[in-house]
Amino acid sequence: MARQPDQIAPSILSADFAKLGEEVDNVLASGAEIVHFDVMDNHYVPNLTIGPLVCDALRSHGVTADIDVHMMVKPVDRIIPDFAKAGATYITFHPEASEHIDRSLALTREHGCKSGLVFNPATSLSYLDHVMDKVDMILLMSVNPGFGGQSFIPGTMDKLRAARKMIDDSGYDIRLEIDGGVKVDNIAEIKAAGADTFVAGSGIFGFPGDSDANRYNTIVGKMLAELAKV
Ligand code: DX5
Ligand code: ZN
């Protein structure tokens, strides 16, 4: 099975929320393709961010790119239909946060979205054993969830290789996404370990260019150039 094309997914957690629509427009104009949307509930993770209203607002603003909703919430099922209605493309959740993982994955697809599971650094990939046919995305956390700006945990490289093998062996079209501490200087190594979807928050929004129109061209361009080397 062919590997999916690389995609950069800026995490808007590190964007300027006072002008979010403009930030998303600028980062998508730079060559990034997916909007990574971090949902935190001050319960499953010790931080509080954004919900379906903001996803809906981005769609109303005119964002047509895929929106990748990373739910760090517990419980999971109640909020899935709300995100589907708000225009989410992908909805991913942490298996520890759902009482019935198979049901939550099915619910996501029933509502017309792509489904996925998210693995914390110490969470086993064995949660995938019986649901490979029910996921469109596997997201590996390379930091503990809850905050942007943390350092990449090196052990994630081996886990990426293991997840890559599971996907290749399965024969399904499943994206392998990495989230946390992704920068220009490690993105090539991360791709070589098997990832095809690269979340970067502080690594992108922390490096604005000179003018608003091409604000993120330089940093996203550097990441794409690194990916092209692998
Ligand atoms: C952390 C979030 C990440 C975070 C990544 O819980 O899931 O998406 O925003 O931020 P950086 O790229 O700064 O590590
Ligand atoms: Zn995330």
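Buried means under 20% relative accessible area, exposed over 50%, and partly exposed in between, with a 1.4 Å probe and protein chains only. Helices (H or I, at least four residues) and strands (E, at least two) are DSSP runs, numbered from the N terminus. The model is predicted, so local features need pLDDT of at least 70 and side-chain atom pairs count only at pLDDT 80 or more, while totals for chains, interfaces and linings use all residues. Residues are numbered from 1 along each chain as its sequence is written, and side-chain values use heavy atoms, with hydrogens and water left out.

**View 1. Helix α5 from end to end.** Welcome to α5, a helix of 15 residues covering 156–170. From first C-alpha to last, α5 reaches 21 Å, close to the 21 Å expected at 1.5 Å a residue (the expected span is 1.5 Å times one less than the number of residues). Just after α5 comes G171, with a positive phi of about 80°.

View 2. Look for T156, M157, K159, L160, A163, R164 and I167, which are buried. They cover an arc of only 155° around the axis, so they sit on the same side of α5; the arc is that of the directions from the helix axis to the C-beta atoms. On the other side, D158 and D169 are exposed. The cover over the buried residues of α5 includes β5 (114–119), β6 (137–141), β7 (175–179) and α6 (187–192), where contact means heavy atoms within 4.5 Å.

**View 3. A salt bridge between E23 and R215.** A salt bridge is a side-chain nitrogen of Lys or Arg within 4 Å of a carboxyl oxygen of Asp or Glu, and by this rule the count is eleven. Here the side chains of E23 and R215 meet at 3.8 Å, N to O. This pair links distant parts of the chain, 192 residues apart: E23 lies in helix α1 (residues 20–29), and R215 in the loop between α7 (202–205) and α8 (217–228). E23 is buried at 4% relative accessible area, and R215 is buried at 19%.

**View 4. A salt bridge between D82 and R78.** These two side chains meet at 3.3 Å, N to O. D82 is partly exposed, with 29% relative accessibility, whereas R78 is exposed at 56%.

**View 5. D136 and R109.** In this salt bridge the closest N and O atoms are 3.1 Å apart. D136, in the loop between β5 and β6, is 27 residues from R109 in helix α4 (residues 101–110). D136 counts as buried at 18% relative accessibility, while R109 is partly exposed at 34%.

Notes: Chains are lettered from A and ligands numbered from 1 in the order in which they are written.
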